[in-house]
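Thanks for making time. I will go through one structure, starting with a ligand site and ending with a strand elsewhere on the slide.

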Amino acid sequence: MNNLHVIEHPLIKRDLTLLRTNTTSSEDFRIVLKRIASLMVFEVTRDLRLDTTRIQTPLEKTEGHLISDEVILVPVLRAGLGMLESYLAYIPNAKVGHIGMYRDETTLKPVDYYAKFPPNLSRSVVIVIDPMLATGGSASAAIAYLKEREARNIRLNCIVAAPEGVERVEKDHPEVKIYAAVLDRELNENGYILPGLGDAGDRIFGT
Ligand code: PRP
Ligand code: URA
């Protein structure tokens with residue numbers, strides 16, 4: 001689990017509890033997912049590079065900073081959409097690529113149905129966002145897709161990770177750092193994370 005970084009924070013643990021709780025409504029689930037993603041943005045983007053700029057305060061000239069890295073956010077549809085706004089709040093000029101993928105319920109293999117990316121994947125910091133890393137099939141396929149399109153600097157932000165998913169992504173993409181709010185125990189026979197939070201997409205969208 002060398003590439004896994006679990007972001008530890010009391011507010012994250014509190015929000016994770018709300019996400020896990022089965023009586024949390026879709027409305028609250030969306031609010032809390034957005035909030036927990038906001039808390040994680042700081043750590044996931046900690047190494048973004050800066051340019052310096054001269055600015056004038058009301059009192060004098062001083063040095064300021066601008067983000068020099070181009071950032072491309074890639075939510076994995078559908079559930080990744082629940083985290084997207086949190087990133088855009090802090091990096092409003094980020095570009096957004098979309099990957100549509102769902103897990104076949106019997107094989108648990110990802111089936112892709114949509115992909116659209118901005119240009120410049122090769123010179124951007126690419127952040128794949130998806131709350132759940134279960135078998136790792138979806139994340140690994142999404143990352144492979146991005147690598148085929150020349151993306152080089154890729155990281156993954158999930159909320160709940162299973163050991164199986166972390167191992168899969170580490171094996172397939174050893175250069176990709178994985179940020180999670182928690183590493184859960186295991187997968188059940190249907191590929192759901194235990195203790196987990198259920199089906200993230202269904203809970204976000206009330207399906
Ligand atoms: C969920 C989740 C991940 C995937 C994780 O999506 O958002 O994309 O499952 O599972 P894996 O690691 O075993 O591939 P789902 O297939 O339920 O689609 P949805 O977001 O449209 O509900
Ligand atoms: N996808 C989810 O939404 N939840 C899980 O527990 C596993 C995959």
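Which residues surround ligand 2? This is a predicted model, so please take the contacts as computed from it. The shell consists of Arg-103, Met-132, Ala-134, Gly-191, Tyr-192, Ile-193, Gly-198, Asp-199 and Ala-200. By class, that shell splits into five nonpolar residues, two polar ones and two charged ones.

Now the polar contacts with the backbone. Ile-193 places a backbone N or O atom 2.8 Å from an oxygen atom of ligand 2. Gly-198 has a backbone N or O atom 2.7 Å from a nitrogen atom of the ligand 2 molecule. At Ala-200, a polar backbone atom is 2.8 Å from an oxygen atom of ligand 2. As for cover, ligand 2 has 240 Å² of accessible area on its own, and the protein covers 88% of that.

Where does ligand 2 sit? Ligand 2 is in the largest pocket.

My last item is Gln-56. Gln-56 belongs to strand E2, which runs over residues 50-56. Its side chain makes a polar contact of 3.4 Å with the side chain of Lys-61.

To recap the ligand: the backbone of Ile-193, the backbone of Gly-198 and the backbone of Ala-200 each have an atom at the distances I gave. That is the end of my part.

How values were computed:
Residues numbered from 1 in each chain as written. Chains lettered and ligands numbered in written order. Predicted model: local features only at pLDDT ≥ 70, side-chain atom pairs only at ≥ 80, totals over all residues. Heavy atoms only, no water. Near = heavy atom within 4 Å. Polar contact = N/O pair within 3.5 Å; in protein donor to acceptor, adjacent residues only side chain to side chain. Areas by Shrake-Rupley, 256 points an atom, 1.4 Å probe, with all protein chains shown as cover. 1 Å grid on protein atoms, 1.4 Å probe; cavity = no way out; pocket = protein on both sides within 12 Å on 5 of 7 lines; lining within 4 Å. Sits in = over half its atoms within 2 Å of the grid points. Nonpolar A, V, L, I, M, F, W, Y, C, P; charged D, E, K, R; others polar. Helix = DSSP H or I, 4+ residues; strand = E, 2+ residues; numbered from the N terminus.
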